[in-house]
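Biologist: I'm new to reading protein models. Could you help me go through this one, a question at a time?

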Amino acid sequence: MSNFRMTRRAALTGIGATLATPALLRAQSSDAFPVEEPKIETEIPVKRNISSFQQQAWQDHFDDLGVGCMLADISSRALHYWGPDGETYRLFPSSVPMTEELTRRGYTEIVRKAENPSWTSTASMRERDPTLPVRIDGGDPGNPLGTRAMYLDWPAYLVHGTHDTRKIGRQSSSGCIGLYNQHVESLYEMVKIGTKVRLL
C-alpha cells in the first residue's frame with residue numbers, strides 16, 4: 001500500500017476530493033431518519049483534526065467491491081469511497097460524532113438517497129435543546145443535512161452534506177458523517193443503493 005499522506009489543510013482546500021492509488025490512475029475527480037446537528041456556537045468543546053489523511057485499500061476492509069464501498073474513518077475524520085469498477089477512488093474530509101457515546105462503528109449499507117433532504121428533530125433532541133424546530137424543509141439554508149443525504153440501514157445515521165463548513169474536520173455531529181456540500185453532491189452521483197459502508 002502506498003505511503004501517500006495528505007495534510008488536512010490540503011484536503012480542506014479541495015485537493016483531497018480526488019485521489020487515485022498507483023494502481024488506479026484513472027480516478028477522477030424522509031423524515032424517517034431524523035438526525036441532530038448542533039449549532040456550531042453551542043456545541044460542546046471539540047478538538048480539531050490534527051492527523052493527516054492516509055490513503056487506504058478497500059481490501060483491508062471489505063471482501064469485495066459489490067456496487068461500491070465506503071469507509072468512514074472516525075479517527076482521521078475522512079471518508080473513503082471505492083467504485084464498483086475497481087478504479088474509482090475518492091477521499092473526502094468529514095465531520096464525525098461529538099463523543100464516543102454517539103459513535104456507532106461496524107458494517108452497514110446505503111438504503112436510501114435524497115436530494116435536498118428534509119430534517120426532523122426527535123423528542124430527545126428537543127428535550128436537550130427546546131429551541132430546535134420540529135422540521136426543516138429541504139433546500140432551507142438552516143437545514144443540517146445540506147444538499148444531499150445517503151441513509152444507512154441504522155436508523156438516524158446518514159452520510160450527508162452541511163451548509164456549515166466549520167463542522168468539517170471536527171467532532172461536531174450527533175452520529176452522522178458530514179461532508180462539504182460540493183463533495184457530497186459528487187459522491188451522491190456515484191453511490192448506489194446497496195453500497196457497503198464501514199464506520200471505523
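This is a predicted model: local features need pLDDT of at least 70, side-chain atom pairs count only at pLDDT 80 or more; totals for chains, interfaces and linings use all residues.

Biologist: In which strand is Arg-148 found?
Modeller: Residues are numbered from 1 along each chain as its sequence is written, and side-chain values use heavy atoms, leaving out hydrogens and water. Helices (H or I, at least four residues) and strands (E, at least two) are DSSP runs, numbered from the N terminus. The run covering residues 148–152 includes Arg-148, and that is strand E10.

Biologist: Does Arg-148 count as buried or exposed?
Modeller: Buried means under 20% relative accessible area, exposed over 50%, and partly exposed in between, using a 1.4 Å probe and protein chains only. Arg-148 has 14% relative accessibility, so it counts as buried.

Biologist: Which residues is Arg-148 in contact with?
Modeller: A contact means heavy atoms within 4.5 Å. Neighbours within four places in sequence are set aside here. The partners of Arg-148 include Ala-114, Glu-115, Val-159, His-160, Val-184 and Tyr-188.

Biologist: What is the relative accessible area of Tyr-151?
Modeller: Tyr-151 also sits in strand E10. Tyr-151 counts as buried because its relative accessible area is 0%.

Biologist: Which residues does Leu-187 touch?
Modeller: Residues up to four places away in sequence are not counted. Leu-187 then touches Met-70, Leu-79, Tyr-81, Phe-92, Met-150 and Leu-179.

Biologist: Why is strand E5 largely enclosed?
Modeller: Side chains in a regular strand alternate between the two faces of the sheet. On one side of E5, Tyr-89, Leu-91 and Pro-93 are buried, and on the other, Arg-90 and Phe-92 are buried too. E5 (residues 89–93) is largely enclosed by the rest of the structure because its buried residues number five of the five.

Biologist: How many bridges join strand E4 to E5?
Modeller: Two strands pair if DSSP finds at least two bridges between them. E4 and E5 form a hairpin with six residues between them, and Gly-86 in the turn has a positive phi of about 75 degrees. Tyr-81 stands opposite Arg-90 in E5. E4 (residues 78–82) and E5 run antiparallel, and the number of bridges joining them is five.

Biologist: What kind of pair do the rings of Trp-154 and Tyr-157 make?
Modeller: Rings of Phe, Tyr and Trp (its six-membered ring) pair if their centres lie within 6.5 Å; planes under 30 degrees apart count as stacked, over 60 as edge-to-face and the rest as tilted. By this rule there are four aromatic pairs. In the Trp-154 and Tyr-157 pair, the centres are 5.8 Å apart and the planes are at 85 degrees, so the pair is edge-to-face.

Biologist: Over which residues does pLDDT stay under 50?
Modeller: For the protein chain, the mean pLDDT is 79, and 73% of residues reach 70 or more. The stretch where pLDDT stays under 50 is residues 1–51.

Methods: pLDDT is the predictor's confidence in each residue, from 0 to 100.
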